[in-house]
Amino acid sequence: MIVLLLLLLWAIPAHAGNPPSLFLTPQESAAQNTWQGMTTLDSLVYYGQDQWQVRLNGRVLTPAARDPEFDIIDVTADGARFVQHIGDKERTITLAPHQSYLWNEDKVVEGTTPSSAAK
């Protein structure tokens, strides 16, 4: 049995670099997040004015950890208001959790995926 295991380990090529994790790192999350003309508030955790966390387009933002694409204006228990910068465009957007803003249509819809937001 041990010989078979050693043969399998020898025959299977080693993975180049680190194997993918079950929980994505910020770099992995950003690489998977291809902007599709919509901005989503995936989740929001609110404990107080300076104790909150939002996940916008898969990016985690807190009072201490910001992102140059998003300028957070206000976060409450009900949602977040922020300015998003895409290239030379910027929009002030207010979203509740599990809502999306469609840039081309200039409207807020329920859902956080292109298929759910289109309904």
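**View 1. The hairpin between strands S1 and S2.** In this predicted model, two residues form the link of a hairpin that leads from S1 into S2. Strand S1 covers residues 38-48 and is joined to S2 by six bridges, the two strands running antiparallel. Within this pairing, Val45 lies opposite Gln53 of S2.

**View 2. The two faces of strand S2.** Strand S2 comprises residues 51-56. Trp52, Val54 and Leu56 make up its covered face, whereas Gln51, Gln53 and Arg55 make up the uncovered one. Gln53, on the uncovered face, is the residue that stands opposite Val45.

**View 3. The hairpin between strands S2 and S3.** Two residues separate S2 from S3 in this hairpin. Asn57, located in the turn, has a positive phi of about 50°. Three bridges connect S2 and S3, which pair in the antiparallel sense. Leu56, from the covered face of S2, stands opposite Arg59 in S3.

**View 4. The pairing of strands S7 and S8.** Strand S7, residues 99-102, is joined to S8 by four bridges, and the two run antiparallel. Here Leu102 is placed opposite Lys107 of S8.

**View 5. The sheet as a whole.** The five strands form an open sheet in the order S3-S2-S1-S7-S8, with antiparallel pairing. Strands S3 (59-61) and S8 (107-110) stand at the edges; each has a single partner strand, so one side of each lacks a neighbour in the sheet. From one strand to the next, the twist averages 25°.

Key. Residues numbered from 1 in each chain as written. Predicted model: local features only at pLDDT ≥ 70, side-chain atom pairs only at ≥ 80, totals over all residues. Heavy atoms only, no water. Pairing = 2+ DSSP bridges. Axes fitted to C-alpha atoms, helices over the stretch in contact; angles between N-to-C directions. Buried < 20%, exposed > 50% of the residue type's maximum accessible area, 1.4 Å probe, protein only.
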